[in-house]
Amino acid sequence: NVGVHSLGLCRNFRQVIAVEPNPVVYERLKRTITFNGIKNIDLQPYALGSSEGKVMFKLPSRGNLGTGRVVDEVAQNNVVSVPLAAGDTLVSRYSDPLVAVKIDVEGLEISVLEGLKNSLDAFRPLIAIEVLSANKSYAQLLNAALPNGYVFYMIEKINKRNVQLREGFMDGDLFACPIEKQNILKPIIVR
């Protein structure tokens with residue numbers, strides 16, 4: 001969890017906005033971007049949500065740096081204050097349209113989608129979402145947070161380089177696609 005998706009995607013997109021609230025991961029990714037001379041990743045030190053301000057972020061105690069998360073309680077160990085931004089605020093700073101979004105926020109997906117509402121309406125991007133625990137009611141909440149006309153697919157890994165999409169919703173990696181853009185996914189959709 002040191003920005004591997006941002007580093008991989010920067011080869012295929014003109015601009016990547018990488019948002020990383022974990023200060024340790026942020027600094028590692030910043031060093032990697034600088035060391036490799038990457039010019040098209042704009043790294044932002046925020047937690048994303050539906051509003052602006054500050055939130056408490058629990059750093060992972062050790063191991064997987066991707067398990068850090070926004071928390072309500074200040075009394076926990078390894079907690080730092082980080083800036084909170086709505087995605088629409090960040091997106092509005094750029095002239096390029098929002099083409100794709102990847103969300104991995106340890107349970108705060110709804111808040112992030114709510115903070116991106118105007119951008120999702122305007123640009124109708126493809127959206128990859130990691131969902132830790134989902135059920136039918138959570139699927140309905142996710143669907144309600146998206147503009148009309150999005151279809152959910154489960155991302156199924158075939159091997160390290162290839163995936164396929166199956167329409168539906170379950171725990172794990174999801175892909176939300178606007179109906180009008182489904183044709184670009186046809187080669188990897190299985191029924």
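1. Let me begin inside helix α5, where Asp121 and Lys117 are 4 residues apart, which means that about one helical turn separates them. Their side chains form a salt bridge, with the closest N and O atoms 2.9 Å apart. Asp121 counts as partly exposed at 37% relative accessibility, and Lys117 counts as partly exposed too, at 46%. Please keep in mind that this is a predicted model.

2. How many salt bridges does the count come to? The count comes to 5. One of them is formed by the side chains of Asp96 and Arg14, at 2.1 Å from N to O. Asp96 sits in the loop between α3 (87–91) and β7, while Arg14 sits in the loop between α1 and β1, so this pair ties together parts that are 82 residues apart in sequence. Asp96 is partly exposed, with a relative accessible area of 22%, whereas Arg14 is exposed, with 65%.

3. Another salt bridge is made by the side chains of Arg166 and Glu156, again given as an N to O distance, 2.9 Å. Arg166 belongs to strand β10 and Glu156 to strand β9, so the pair ties together parts that are 10 residues apart in sequence. Arg166 is partly exposed at a relative accessible area of 29%, and Glu156 is partly exposed at 24%.

4. β9 and β10 (residues 163–167) pair in the antiparallel sense over 5 bridges, and a hairpin of 5 residues joins β9 to β10. Within this pairing, Ile155 has Leu165 in β10 as its bridge partner. β9 (residues 150–157) is also joined to β11 (residues 172–178) by 5 bridges, and these strands run antiparallel. Here Met154 has Leu174 in β11 as its bridge partner.

5. Stepping back, these strands belong to an open sheet of 6 strands with mixed pairing, in the order β7-β8-β11-β9-β10-β12. β7 and β12 (189–190) stand at the edges with a single partner strand each, so one side of each is left without a neighbour in the sheet. Further in, β8 and β11 pair in the antiparallel sense over 5 bridges. One example from this pairing is Glu130, whose bridge partner in β11 is Asp173.

6. A second sheet to look at is open as well, with 4 strands in the order β3-β6-β4-β5 and mixed pairing. Its edge strands are β3 (47–49) and β5 (69–71), each of which pairs on one side only. On average, neighbouring strands of this sheet are turned by 55° against each other, direction ignored. β3 and β6 (residues 79–86) run parallel and are joined by 3 bridges. In that pairing, Leu48 has Ala85 in β6 as its bridge partner.

7. Which elements make a right-handed β-α-β unit? That unit is made by β1, helix α2 (residues 23–35) and β2. β1 (residues 16–19) and β2 (residues 41–44) pair in the parallel sense over 4 bridges. Val16 stands opposite Ile41 in β2.

8. Leu9 comes from helix α1 (residues 4–9). Leu9 is partly exposed, with a relative accessible area of 36%.

9. If you check backbone torsions, two residues are worth noting. Glu106 is not a glycine, yet its phi is positive, near 50°. Glu106 lies in the loop between β7 (100–103) and α4 (109–115). Arg124, also not a glycine, has a positive phi of about 50°. Arg124 lies in the loop between α5 (117–123) and β8 (126–131). Is Arg124 buried or exposed? Arg124 counts as buried, because its relative accessibility is 16% and the cut-off for buried is under 20%.

10. Gln140 is exposed, with a relative accessible area of 52%. Glu130 is 10 residues away from Gln140 along the chain, and the C-alpha atoms of the two are separated by 16 Å.

Conventions. Residues numbered from 1 in each chain as written. Predicted model: local features only at pLDDT ≥ 70, side-chain atom pairs only at ≥ 80, totals over all residues. Heavy atoms only, no water. Pairing = 2+ DSSP bridges. Axes fitted to C-alpha atoms, helices over the stretch in contact; angles between N-to-C directions. Buried < 20%, exposed > 50% of the residue type's maximum accessible area, 1.4 Å probe, protein only. Right-handed = clockwise from strand over helix to strand, strands pointing away. Salt bridge = Lys/Arg side-chain N within 4 Å of Asp/Glu carboxyl O.
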